[in-house]
Amino acid sequence: MAGCIVLPPSSPTQPTSTSSQPTNPSEHIDPTWVFPSSPSVPQQELPTIVDVVREVRPAVVSVMTEMVAYDLFNQAYTQEAAGSGVIIDPAGYIITNNHVVQGAKEIQVELQDGTTYSASIVGTDTLTDLAVIRADAQGLSFATLGESNSLAVGEWVVAIGNALGEGISASEGIVSRLNVSIAVGGSTLRDLIQTTAAINPGNSGGPLVNMAGEVIGINSVKVASIGVEGMSYAIAIDGARPIVQSLINFGYVARPWLGVSLYTVDRFTARVNQLSVEEGALVVDVTRGSPGARAGLQKGDVIVEFKGKVIKSADDLLLGIISSSVGDSVEIVYVRKQDRVTTTAQLSESPPPWE
């Protein structure tokens, strides 16, 4: 029979016993034993997913964008795309993903009741894939931000957004992993929440909410793996909060800045560029007048240490820079041809992206 293990017949020379009683009763046998009663736990009424969706749904918007694209013959045409966003202020401030609005020449947001408003970009941050847009409206319903650092694996969450561009829908799941880092497009997104809630194209920028109806993450399809089920990701709100604050306050995120463009060194890169090392961050450009330029860095140098830590990739160096503070004096070790050189740079504030 399928699914069963077939055992060989007993040897006729070996007697078999039909008794289920042990030959030597254990001293631990207790004829009076019964299952212990469970401790009395007071019943707590849990909110339902219906309650959560009803509370948050009015603050979730569909984000429709138009952008200019070019065909194989370099002819311009208008391309439309759809994503999601969550209103965080009645004055119309909306959190979404950078990749939802990047390059958009026109943005429209649609509310639960079908009302549409034009929107404009307040600020974007490619490093965290976050953006803030503002709808041309007042008195809007808005969502409450929670605290993602209080999340626990196994906790119920709900993803709400414009899935597949078909309108706002909700999907439930649990938190399956926390503090996840995933490499995407040459950079790494960190402090992600992994969830079993379905997050599909169009969900990007929408909220992941807990059972208290609080936003604890911003959904992102950018880090979804094609063909993988039960593994969706959201940007944790605790890490997103200061980014959003800076985007609304200044229009960009002010971070420590070295002023160099980088590329990860591997064996192929080392061979093609005739480098003497096979790991590190290759300097491909240095901004004139930047901290890196003042420290003597040049195109073709390979940074192998930063603040005493070994650098194996461009992302390692980027993480080291953003974990520092503006004004910090940092020691950098780089390789130029065959020489290993140590220098010091004083990090400055990153210039606005429009400069």
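How many aromatic pairs does the structure hold? In this predicted model, the structure holds 0 aromatic pairs.

**Close-up 1. Arg-134 is placed over the ring face of Tyr-93.** The distance from Arg-134 to the ring centre of Tyr-93 is 4.6 Å. This contact involves a charge and a ring, whereas aromatic pairs number 0 in the structure.

**Close-up 2. Strand β19 pairs with strand β17 in the antiparallel sense.** Strand β17 covers residues 302–306 and strand β19 covers residues 329–336, with 4 bridges between them. Phe-306 is found opposite Ile-332 of β19.

**Close-up 3. Strands β19 and β20 form a hairpin.** Strand β20 spans residues 339–346 and runs antiparallel to β19, to which 8 bridges join it. Val-330 has Ala-345 in β20 as its bridge partner. Between the two strands of the hairpin there are 2 residues. In the turn, Lys-337 has a positive phi of about 60 degrees.

**Close-up 4. The second largest pocket has a lining of 16 residues.** Its volume is about 330 Å³. Nearest the centre of this pocket lie Leu-127, Thr-128, Arg-190, Arg-255 and Ile-322.

**Close-up 5. Strands and helices contribute to the lining of the second largest pocket.** At least two lining residues come from each of β10 (187–195), β13 (232–236), α3 (237–250) and α6 (314–322). Strand β10 gives the most, with 5 residues. By residue class, the lining of this pocket comprises 10 nonpolar, 3 polar and 3 charged residues.

Conventions: Residues are numbered from 1 along each chain as its sequence is written. This is a predicted model: local features need pLDDT of at least 70, side-chain atom pairs count only at pLDDT 80 or more; totals for chains, interfaces and linings use all residues. Side-chain values use heavy atoms; hydrogens and water are left out. Rings of Phe, Tyr and Trp (its six-membered ring) pair if their centres lie within 6.5 Å; planes under 30 degrees apart count as stacked, over 60 as edge-to-face and the rest as tilted. A charge sits over a ring if NZ of Lys or CZ of Arg is within 6 Å of the ring centre and within 35 degrees of the ring normal. Two strands pair if DSSP finds at least two bridges between them. On a 1 Å grid over the protein atoms alone, a cavity is a set of points where a 1.4 Å probe fits but cannot get out, and a pocket is an open set with protein on both sides within 12 Å along at least five of seven lines; lining residues have an atom within 4 Å of a point. Grid points are joined across faces, edges and corners, and a volume is the space filled by probe spheres set on the points. Ala, Val, Leu, Ile, Met, Phe, Trp, Tyr, Cys and Pro count as nonpolar, Asp, Glu, Lys and Arg as charged, and the others, Gly among them, as polar.
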